[in-house]
Amino acid sequence: MGKYVIGVDNGGTFIKAALFDKNGTQIAIEKEPGVAAVARNGYVELDQERLWEVNCECVSRLIKTSGTDPAEIERIGIAGQGKGLYLVGDDGASIRTAITSADGRSWEYVERWKKDGTADKIFGYTNQGLYTSHPVSILAWMKDHEPENYEKIRWVFSMKDFLVYRMTGTAVGDYCNQSGGSFINLEAGAYEPEILKLLGIPEIGDKLPPLMHSAEVCGCVTGEAAGRLGCLEGTKVVAGMFDVDASAIAMGVTGESELCMITGTCSVNAYIAREPVTNHSVLMNSYYCIPGYYFIEEGSNTSAGVLEWVGDILYPAEKKNGPVYELFNETVERCKPDRSQAVFLPFLYGSATDSRSRGVWLGMSPVDTREDLVRAAYEGVVFSHKWHVDRLMKNRTAPKAVRMTGGATHSAVWVQMFADVLQLPVEVVEGQELGVKGAAMAAAIGAGFYSDFEEAAKAGITVRKTVYPNPDNREIYEKKYERYLAAAENLGAVWQLF
């Protein structure tokens, strides 16, 4: 048996590959900039073959620079962004560029399904709403607008499943991703043909890959893929998981007491439970990577990733010399919470309730500066997370703390702002790249290093620091949050004009 496993995480900004030993210790890690998504009028796509190439470059450099004998690599696990659409044809080739989870082209279909009762019927199977990010929604759009591509479909994949297919030649889907994409009847634990029939895409049933659990071995690296990855042909690969599940399990979310928060490209706020929430009060229910648990989730494309755009708009000259995140942090530290009333809505890719909503600053006065706008952007991201957390809290008791990962954890002032707005302690888990660790945990279970995710979590997860709320800021942020909610609600009619 080999000594190591590799975890690969495909996030919104970077693709990461890391080598872990049997004790869950990270030995080495490599990163590559992610494949840029091209956004045009609500269409957001990326080159999925380039995505595969970058994954190969990252893994091969990891093996080479770490000096690892490929024979010592026991398993590989992959995590990737959920939802969106990654298609291949009968010949195994990509049919078109991938349509990402930030894409909004199917919004008219979703609105129609909400009005005619279709969405409610499907909720009875999935316990979640229908959204423009769901592959089922995009497939319905494609059937009408790209029938030639629709007819070519052999396999409907998520991002991670496409990469597993390129790596092994095996078509597989995991329960986490496929339930999150509205394909699965949560009660039956299987694909639901009636969902596809209701959405007018019944023929897709034969295009869905077989289901497996995240830590199950699904195939072996092919000779062609081995040459590009730098590993041995025959190296075993596990089915892998949705990147939010990977981050959550790497934060130690193994029971019902924890609440986790991921501050990346997407705002993800979730907890796990033995039963789904069926009262329509949360956005999403899906299977978790631990069999027997459901992932109760609230999320939207409104988190720390918006800072890249904020930098482009407010600090273009400074960005030419490199990242401006430290400048942002210093700026927010200087601007006290009560200095400005400016509000920022981080809806660059739509909000959780309206895919047509847009990002906006409002409430500025002549004394406001770009520094105030940066602070407003930090606050807007936190307020978006709070909106989601408040909805989750309707179905459970308040946690003792919130476990956080993602871009915001690199900023002490931002973590403090989260604690102050939520009025809850915020725990930051040891390690920065938790998505890649979660993928490696699945690989380690598949290799027999651990019996299950609970054992893997106990072996290698510790809380690095806990940040407590400042009660002096509570009233200030409560008033600011009221303005944020009023702006988000009252601009609804404006978005209909876009």
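**Close-up views of a predicted model**

**View 1. Helix 14 crosses helix 18.** The axes of helix 14 (residues 370-392) and helix 18 (residues 474-490) cross at roughly 80° and come within 10 Å of each other. Helix 14 is therefore roughly perpendicular to helix 18 (65 to 115 degrees; under 35 is roughly parallel, over 145 roughly antiparallel, the rest oblique). Axes here are lines fitted to C-alpha atoms, for helices over the stretch in contact, with angles from 0 to 180 degrees between N-to-C directions. Helices (H or I, at least four residues) and strands (E, at least two) are DSSP runs numbered from the N terminus.

This is a predicted model, in which local features need pLDDT of at least 70 and side-chain atom pairs count only at pLDDT 80 or more, while totals for chains, interfaces and linings use all residues. Residues are numbered from 1 along each chain as its sequence is written, and side-chain values use heavy atoms, leaving out hydrogens and water.

**View 2. Residues where helix 14 meets helix 18.** From helix 14, look for Arg375, Glu379, Gly380, Phe383, Ser384, Lys386, Trp387 and Asp390; their partners in helix 18 are Tyr477, Lys480, Tyr481, Tyr484 and Leu485 (contact: heavy atoms within 4.5 Å).

**View 3. Serine 182 has a positive phi.** Its phi is near 70°, and serine 182 sits in the loop between helix 7 (175-180) and strand 11 (184-185). Serine 182 is buried, at 0% relative accessible area (buried is under 20%, exposed over 50%, partly exposed in between; 1.4 Å probe, protein chains only).

**View 4. Glutamine 423 also has a positive phi.** Here phi is near 55°, in the loop between helix 15 (412-422) and strand 24 (426-429). Glutamine 423 is partly exposed, with 22% relative accessibility.
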